[in-house]
Amino acid sequence: MLLFIEGYPYNLDQEVRNKLTVRDILKDVVEVPKLEHIYSFGYVGYCYSKAAKDVIFFLPKVVLTGENEPEKETIFGASPQSIIDFDSKNLKEKFTEEGHKDYKEFLSTLSIWIYRTISVYKEECNDNILENREHQKESGGRKQKHNTLLDVIIALRDFNKHNQDYLTFIAKNLHSGYNKIQWAKTIAHSQAIIQNGRPIYTEPINKKRIVNFDEELLIIYFSILNYIREIHGFSFTINIQYPLISPDKLRRSYIEKNLGCRRLKQIKYKYFSDKALRIWDLCYAFFDREYKIAMNQTETDYLLAKDFDHIFEVMIDTLIGGNDKRELPADLIAQKDGKLVDHMFIGQSLMEQSDVKASQTYYIGDSKYYKRAKGDQTILGSTSIYKQYTYARNVIQWNMNLFLNGGDNEHPQLRDTLTEGYNPLPNFFISARIPNRKDEQGKYLSFDDSRLKSQDTLQLNRQFENRLFDRDTLLLCHYDVNFLFIVSLYGRDNKNKQSAWRETVRREFRSRIQDTLNQLYTFRTLQPRAGMDCYQFIQDNFQRLNGKLYRPKTDSNYLVLALMKEDEADMWAALHVKPEALRNEVDRNKELLDSLQTHFHVSSPFMLDTELHVENVGNVGTLNKLPKPELKDILTGLVRKTDTDYSDFYNHTAKAYTMEKIPTSINVMDIKYFLPMVGGNIDGYYKVEKVYFGSKDSKPCLKLNLSSFISLGDARVPIYRIKMQPGELITYGLMTDLYEQQI
């Protein structure tokens, strides 16, 4: 096998094998520039080179590790230029990283998954990034010098596809006569029961079934096909009902303990026909990776992919997003400023779980198909980071527009109308990694490692400190996913397994982001105290509370308070929060908590977790807006017919009023209006411009400066001593009610 890596600059004139250069090997496979000497090939996939008479495997660039200089990039410690000939005797010496003993088997397995990934992608997308190339085909004649496990699997698939009539004919012949009753032996050796004059034999003797070596070969053959179907996702038609060897037993006994090769050698002498021997050859080549089969012909299939980063994006979208992205409005994905979101789905809020869409949130992701830097890090560019922030801002504005125009309960409601806080948007990057280190089972280069690995490149974008629930506070996390697991899960095309991992990884996203928030903030629940106007308190203290409070559900009777942590100074510093800004905000936190205690039951700090638990406390009030009590600000007074200003009040032209007896049961500073009972009747009231104390006949009195007269109606109604007395403060409602009752 010849090995090349996507995007790596190769010396085209370097000799590889048998005086063949890189240029000679690839010129009949991909386009090779004639005048260039250094060139990088942007392909991933598998094909056959007639010039080299060998298979070529283009590896994805995620296997590379190193810095920006190509000469420092390596694949598991080896220079890509030095391992092109993967059958070289001194190949193992080139690798310096752990796991080198398994590289050949690893690449053989990876070639299968890349082939399956391209096949599944072609079925689902079928766009112009795939190119067809030749691959080896199983045939009769002299055996080929080189073949890979992928070659063998394709040969097994094609034999099954093109020989259905032969396989069905053999199976029918093998089964003919089985379970046929032998009446002579049954009558001679069995006891009959006579019923209605007729003998009935309850234990008939059948034709004995003997071991048939043709049948055993077919059982092994179809068990291999079933194994490939279950493990690698290939599609096979298996119409024969044999008791097949389970995939697990085939792996443990026939492959790992070499039982397959031993058993096939024991029964090989039974076969003489060409097709039976070809089946035996294919089965043996599957168990013995060094065994060569006849592959002197070629066939064309879609085997190479350019722009593999697009396929990686589709894989992540399929495995994490499922069908959710298709069900979202087009404007959320293809945003109006030209941005196209890679991955998005609706999931559980970071505050609490809920099955109500309005209480959930959007998860926004971007997949990055990059080479690894040293330390298994994936370096993100500033353009990618700020583009991700723009995705989130556009989603928030789209959601605001939706609810400002009437709302839709089928979408999350990101802004809480009470506190004007915003539900934090989980925003993340996913990049590919190759797990060259040991896992818990001691495996290198594991295709089964499904875990997310957190990168240390946490990003925070905000306009104000200490405002987690502000629309401009955007937290951006970064995770690595095992590239080998992704291609195997996608290539297997098992919807049930994909769905199970999707649910797991979504829970993991939520949990990881919650852990990050728990490191940065303390969270408390606030429940209103009975008898306190908590709604008005929030309005009056909006500037102090803005961005710190959020109501997780529109009908919940509690709030969540988020405040910056003082003991995470190093982490805040990594997010470019200045020490003085952190101290200033933390110092204000205690003052804010003391203020909140007057109107709310404030819980102890808690950690964001799977579910938010709100303590049961007594004396709980409401967060709803309370009706304002009607103010008593209208002073009643009496104007007698004998008073000098009687005509002024009667004609509604009065400018002042003197109350000789100062009322002691009211607060005179609350007086806003004056209702004169003119001759005991009322028909309107005056606006009071000024209230002050004076004297009349050397006695203290209360003086009012009056301005405009406000009419209650055309009629004058008697009111004095019926419902009220002079010197009272009454409400507007009481005044109008009394007036209407007396008409």
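1. Let me start with Lys565, which sits in the loop between β20 (559–564) and α18 (569–574). Helices (H or I, at least four residues) and strands (E, at least two) are DSSP runs, numbered from the N terminus. Please keep in mind that this is a predicted model, where local features need pLDDT of at least 70, side-chain atom pairs count only at pLDDT 80 or more, and totals for chains, interfaces and linings use all residues. Residues are numbered from 1 along each chain as its sequence is written, and side-chain values use heavy atoms, leaving out hydrogens and water.

2. What does Lys565 have for a partner, being buried yet without a salt bridge? The nearest side chain of opposite charge, Asp567, is 5.1 Å away (Lys and Arg count as positive and Asp and Glu as negative; His and the chain ends are not counted). A salt bridge here needs a side-chain nitrogen of Lys or Arg within 4 Å of a carboxyl oxygen of Asp or Glu. Buried means under 20% relative accessible area, exposed over 50%, and partly exposed in between (1.4 Å probe, protein chains only). The Lys565 side chain does reach the backbone oxygen of Asn518, at 2.7 Å. Leaving aside residues up to four places away in sequence, Lys565 touches several residues, including Tyr521, Trp572 and Leu582 (contact means heavy atoms within 4.5 Å).

3. Elsewhere, charges do pair up: the structure holds 24 salt bridges. One of them joins the side chains of Asp683 and Arg716 at 3.4 Å, N to O. Asp683 lies in the loop between β25 (681–682) and β26 (684–696) and Arg716 in the loop between β27 (699–711) and β28 (717–718), so this pair ties together parts that are 33 residues apart in sequence. Asp683 is buried at 8% relative accessibility, while Arg716 is partly exposed at 34%.

4. Asp449 and Arg451 also meet through their side chains, in a salt bridge of 2.8 Å, N to O. Here Asp449 is buried, with a relative accessible area of 8%, and Arg451 is partly exposed at 40%.

5. For the pair Asp337 and Lys339, the salt bridge is 4.0 Å, N to O. Asp337 is partly exposed at 41% relative accessible area, and Lys339 is partly exposed at 24%.

6. Do look as well at Asp248, Arg251, Arg252 and Glu256, which are linked in a network of salt bridges.

Methods
A polar contact is a pair of N or O atoms within 3.5 Å; within protein, one must be able to donate a hydrogen and the other to accept it, and residues adjacent in sequence count only if both atoms are side-chain atoms.
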